[in-house]
Amino acid sequence: MSAEKTIDRLPAVPKPGRWIMPGLGLIQGLVISGKNAIQSYYKKDRMTTIQYPEQRAVISPNFRNFPFLCYDDDAATGLRCTACSICENECPPQCIYIVLDRDENGKSLKRPKVFDIDISVCMNCGICAEVCPFDSIYMDGEYEMSTDDRFGGLMLGLDRLAKSAEYHMKLRPEEASAVMAKRKAEEEKKAAAAAAKAAKAKADLEAKAKAAAEAKAAEEAQAATEEKGESA
Amino acid sequence: MISDSSMPYSAPTLEPGEDDDQLLRVSLGPQHPSTHGVFRMNVVLDGETVVSLKSVFGYLHRNHEKLAENMTYLSSMPYTDRLDYICPLTNNWALAHAVEKLAGIEVPERAEFIRVITAELTRLINHTAFMGFILGDMGAWGSALMYAFREREKILDLFEDLTGARMMSNFMRYGGCRNDLPAGWADRCSIVVNDYGPFLDELEKFLVGNEILLARTQDVGQLPQKTLINGGITGPMLRAAGVNYDIRKVEPYGIYDRFDFRIPLGAKGDCYDRIMIRFLEMRESLKILRQALDQLPAGDYIHPKAKIRNFKPPVGEAYARIEGPKGELGFHLISDGTVNPFRYRIRPPSFINLTLLEDMCLGLDLADVVIILGSVDIVLGEVDR
Amino acid sequence: MIFATVPFPSFTLESLPQLPKLLVEWLLMLVGAPDWLVSIGGTAAMAGTVVGVFLSAFALLSLVERKTLARIQNRLGPNRAGWFGILQPVADGIKMLTKEDIVPTKAEWLLHLAAPILIVVPSILALGVMPLGREWVPVNMELGLLFFFSVGALTELSVFMAGWASGSKFPMLGAMRAISQMVSYELPLIISALGVIMVTGSLRLSDIVVHQGDFYFGFIPKWNLFTPWGFAAGLIFYIASIAEANRCPFDLPEGESEIVAGHMTEYSGFKYALFFMGEYLGLFAIAGLGVTLFLGGWQAPLPFLGWVPTWIWFFAKLAVIIMSYLWIRGTFPRVRIDQLMRFAWLCLIPMALLTIPAAALWVFTGKGIVSWVVTVPLLLIPWVILTILFNKRLAPATRTYTFADS
């Protein structure tokens with residue numbers, strides 16, 4: 001320990017050596033509690049209680065509770081989720097259960113057949129939303145989730161998890177618009193890529209056709225010359 | 001139990017199963033109003049004097065360390081919120097600090113500032129709530145607790161806006177923080193910080209001059225410095241006894257070496273000093289907060305190359321510690337190069353500070369046991385893990 | 001015809017609380033009941049009035065206490081049952097009645113059952129001798145004060161009964177604390193009341209109130225509190241009454257952070273409610289006695305307020321005293337048992353003993369200026385000595401804190 005400076009006692013405490021009347025500190029406490037009691041009638045920062053069902057606190061848009069799945073246009077077909085199971089693997093309490101949807105040939109349809117979240121297990125950490133590469137899962141701000149059905153009511157399936165992109169937009173406009181912009185850009189990129197691909201394919205096709213035509217022409221020419229030669 | 005020749009009281013102890021007409025064996029807890037959770041003390045009383053006290057813990061054991069060894073580094077982050085649930089953000093930081101040390105990740109400057117701000121706010125929360133809890137242990141009818149929670153709520157609102165949750169923040173990431181400060185957050189934080197000083201003045205007036213509180217806490221539960229150091233006690237409990245040991249100064253982590261703050265030290269180390277040291281520490285925290293909010297730079301809140309998915313630190317071992325509100329909070333990690341840590345071990349301040357409980361309580365009243373337990377400032381989530 | 005023979009007695013606002021008694025007596029006389037029956041009926045009606053009034057006051061207080069404490073703590077308190085939570089006591093009562101009554105297997109069931117009943121009885125008996133208004137003295141007993149203290153001491157018995165019969169450790173500890181506390185604090189309580197008896201020359205509580213009836217200079221009431229010895233005795237009585245009523249900061253017998261709920265730990269349901277009731281009735285009794293002895297009982301505080309019915313003054317003063325108890329409860333932590341004892345034996349009892357010679361001198365010197373000159377130093381000098389001692393020895397040491405430089 002190096003050199004120390006002695007400080008005065010704090011303002012609330014009598015200085016050492018000063019004569020105090022016993023009970024002064026008690027009276028000081030009474031004054032403060034009395035002040036609190038009286039000011040709680042007219043001072044807002046003293047009485048912070050909110051009468052919950054009638055009044056509601058302003059909840060930050062960043063507040064997260066349970067996850068939801070985002071879909072674009074239609075709940076059945078527009079789900080962004082591709083059932084990649086990244087969230088299922090990353091979920092710390094393992095409360096997500098996903099089954100991939102397959103067609104009759106066993107080929108992946110890239111969408112979930114079953115997507116269950118057991119919210120009695122979920123600990124609202126938001127890691128699923130963080131790791132999702134498809135902008136599909138987000139944290140909801142809804143908090144009035146209590147139910148009298150212990151098992152069914154707390155197991156959210158696709159029907160209760162799927163929420164529209166507009167809902168997300170309303171919940172967290174900033175995040176959602178950023179995501180929408182990103183998706184739009186990606187889509188445009190994809191579309192452009194597809195267009196380019198299509199153009200390329202077309203060009204290829206044309207080139208092929210041209211080549212074929214040329215080949216044919218050449219063939220024909222050759223045939224003609226052969227014919228000529230034959231005739232000659 | 002660390003034996004010490006200066007033990008104030010020694011009386012015949014009661015072996016388990018033995019019966020004695022003079023001594024009364026009482027089980028304080030696990031269902032008891034003031035054990036701060038599910039904690040049990042097997043107390044043997046001579047009248048109301050404590051003759052022996054054996055702590056029993058593990059009622060809240062959640063297997064955190066073993067669970068963490070079987071999940072990714074990221075997945076164990078939300079579990080650290082639940083260790084010491086009064087101050088989740090410092091727990092987050094301790095784990096992030098350890099992983100960053102293990103993997104050698106740089107943290108951007110803005111992220112470091114955000115971390116300091118949240119950690120100091122957490123210290124305020126913890127120490128303020130402590131004032132309420134210990135007054136509750138003393139039998140004051142919750143007034144101090146309600147005043148403390150009224151102000152704590154303002155900081156929790158800030159946390160809700162920043163991290164998305166009031167208590168279970170899950171905020172720090174390896175290489176920074178999960179998200180940036182929301183718009184206007186720093187200004188709101190400055191308002192809260194500026195309003196905190198007057199509140200502390202009021203709370204201090206309410207408590208520290210009170211003769212009953214003085215009589216109840218002074219000369220209760222002090223231990224010699226040597227015993228405390230040998231017992232591995234850290235945090236305000238150690239500093240109240242006058243030992244200058246604060247990891248923010250001893251082994252500065254983050255950017256604590258840039259701020260101007262002081263370490264308050266007590267003289268005796270009794271329960272009263274523990275209360276006062278926390279008051280002084282809160283004022284120093286406010287000082288750090290003001291500086292950090294003033295100097296908050298722009299920039300990245302997370303290292304641009306930080307990996308969220310498939311994070312694999314190199315093979316190695318790291319122990320990193322921070323000065324949590326309750327004491328030295330350390331994480332010891334061994335990586336085998338996979339996505340899961342090979343070994344994951346926490347050094348919880350609550351648990352280690354609790355080990356000297358018997359030494360502090362012997363020879364005192366049953367009523368003092370409750371206050372001493374309160375002054376250690378434990379959270380059972382961290383003790384039992 | 002018969003109505004004419006027994007005219008209904010006239011009554012004013014002052015004698016409004018007597019109405020049930022008068023009504024019962026009148027009815028009994030109407031049907032031609034013998035005199036002894038009329039007198040028994042009248043007494044029963046009177047007792048019923050007192051019990052009814054104080055039980056409703058208990059219900060009201062249980063709500064007011066929660067509301068006041070809530071306000072001190074910046075909360076709202078119960079406000080859901082009825083208008084401003086006015087039906088909360090009813091809801092509490094229903095809850096208590098419908099809860100399971102648990103008797104531990106190790107308990108002595110008869111004593112366990114008897115204790116909560118016995119705790120209510122002495123409090124009601126003690127309230128019976130209280131002059132609640134000029135014309136409202138349920139039992140105007142000649143040895144009223146003595147009766148009050150002797151009946152009040154019965155509470156300890158039932159508390160110990162509860163602690164012992166529960167067959168559990170926390171109740172036992174609580175009961176032991178309760179006994180030592182109540183016995184210690186009964187001494188300053190009684191000693192501080194002795195001065196009043198000496199000045200009044202009577203143990204009859206209504207005489208004590210009448211004695212405080214006049215005004216100094218026409219506006220300062222001649223209550224015992226406004227005399228030097230009365231002020232000291234009143235203060236001691238007030239502190240001791242908090243301890244006697246087991247209120248914070250002296251609520252050690254039920255110190256919930258240490259011994260769960262003390263002697264009430266093993267009680268549930270309506271038996272617990274009875275303890276609660278007994279405690280509150282005891283609170284009314286002890287605060288009412290304080291009002292009677294030192295605050296002029298039902299006397300109006302100012303001469304021109306004499307037209308207000310006197311029982312309103314009694315209850316108003318009672319409310320003030322009880323609100324101060326609530327205020328203290330919302331502020332102070334609890335003391336430890338050894339500090340409690342030391343405070344009683346080293347501070348309260350010596351100071352209380354001093355009030356006796358002070359009161360004697362007060363009477364001897366004719367209650368004038370001379371008496372002030374004589375009694376004030378008599379009380380003040382020991383107080384100063386006590387304060388210096390407190391500062392030197394008992395007062396907790398002052399502390400200095402340092403900041404490490406590193």
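Predicted model: local features only at pLDDT ≥ 70, side-chain atom pairs only at ≥ 80, totals over all residues.
Six bridges join strand S1 (residues 23-28) of chain B to strand S2 (residues 40-46) of chain B, and the two run antiparallel. Strands here are DSSP runs of type E with at least two residues, while helices are runs of H or I with at least four, both numbered from the N terminus. Two strands count as paired if DSSP finds at least two bridges between them.

Residues are numbered from 1 along each chain as its sequence is written, chains are lettered from A and ligands numbered from 1 in the order in which they are written, and side-chain values use heavy atoms, with hydrogens and water left out.

S2(B) and S3(B) make a hairpin with two residues between them, and B:Gly47 in the turn has a positive phi of about 70 degrees.

Over in chain A, three strands make an open sheet in the order S3-S4-S6, with antiparallel pairing. Strand S3 (96-102) and strand S6 (155-156) of chain A are at the edges with a single partner strand each, so one side of each has no neighbour in the sheet. S6(A) is joined by two bridges to strand S4 (residues 108-118) of chain A, running antiparallel. In that pairing A:Ile117 stands opposite A:Leu156.

**Where chain C meets chain B**

Now for the chain contacts, where contact means heavy atoms within 4.5 Å. Chain C brings 37 residues to its contact with chain B, and chain B brings 55 residues. The area buried between them is about 3800 Å², with carbon and sulfur atoms giving 57% of it. Buried area is the accessible area (1.4 Å probe) that two parts lose on being put together, summed over both. On the chain C side, C:Arg399, C:Tyr401 and C:Phe403 lose the most area to chain B, together 19% of what that side buries.

Between chain C and chain B there are eight residue pairs in polar contact, both residues being at pLDDT 80 or more. A polar contact is a pair of N or O atoms within 3.5 Å; within protein, one must be able to donate a hydrogen and the other to accept it, and residues adjacent in sequence count only if both atoms are side-chain atoms. Elements giving two or more residues to this side of chain C include helix H3 (35-72), helix H8 (169-200) and strand S3 (402-404) of chain C. By class, this side of chain C has 18 nonpolar, nine polar and 10 charged residues. Here Ala, Val, Leu, Ile, Met, Phe, Trp, Tyr, Cys and Pro count as nonpolar, Asp, Glu, Lys and Arg as charged, and the others, Gly among them, as polar.

The strands join in too: strand S6 (residues 263-265) of chain B pairs with S3(C) in the antiparallel sense over three bridges. There, C:Phe403 is the bridge partner of B:Pro264.

**Where chain A meets chain B**

In this contact, 37 residues of chain A touch 39 residues of chain B. About 3200 Å² is buried between the two chains, and carbon and sulfur atoms give 54% of that. The polar contacts come to 15 residue pairs, both residues at pLDDT 80 or more. Helix H1 (24-39) of chain A is one of the elements that give two or more residues to this side, and H1(A) gives the most, with nine residues.

**Salt bridges**

A salt bridge is a side-chain nitrogen of Lys or Arg within 4 Å of a carboxyl oxygen of Asp or Glu. The whole structure has 53 of them over all chains. Two are found across the interface of chain C and chain B, and two across that of chain A and chain B. Here are some examples.

| Salt bridge | N to O distance |
|---|---|
| B:Glu48 and C:Arg177 | 2.5 Å |
| B:Glu202 and A:Arg46 | 3.2 Å |
| B:Glu65 and B:Arg345 | 3.5 Å |

The pair of B:Glu65 and B:Arg345 links distant parts of the chain, helix H1 (residues 64-69) and strand S9 (residues 341-347) of chain B, 280 residues apart.
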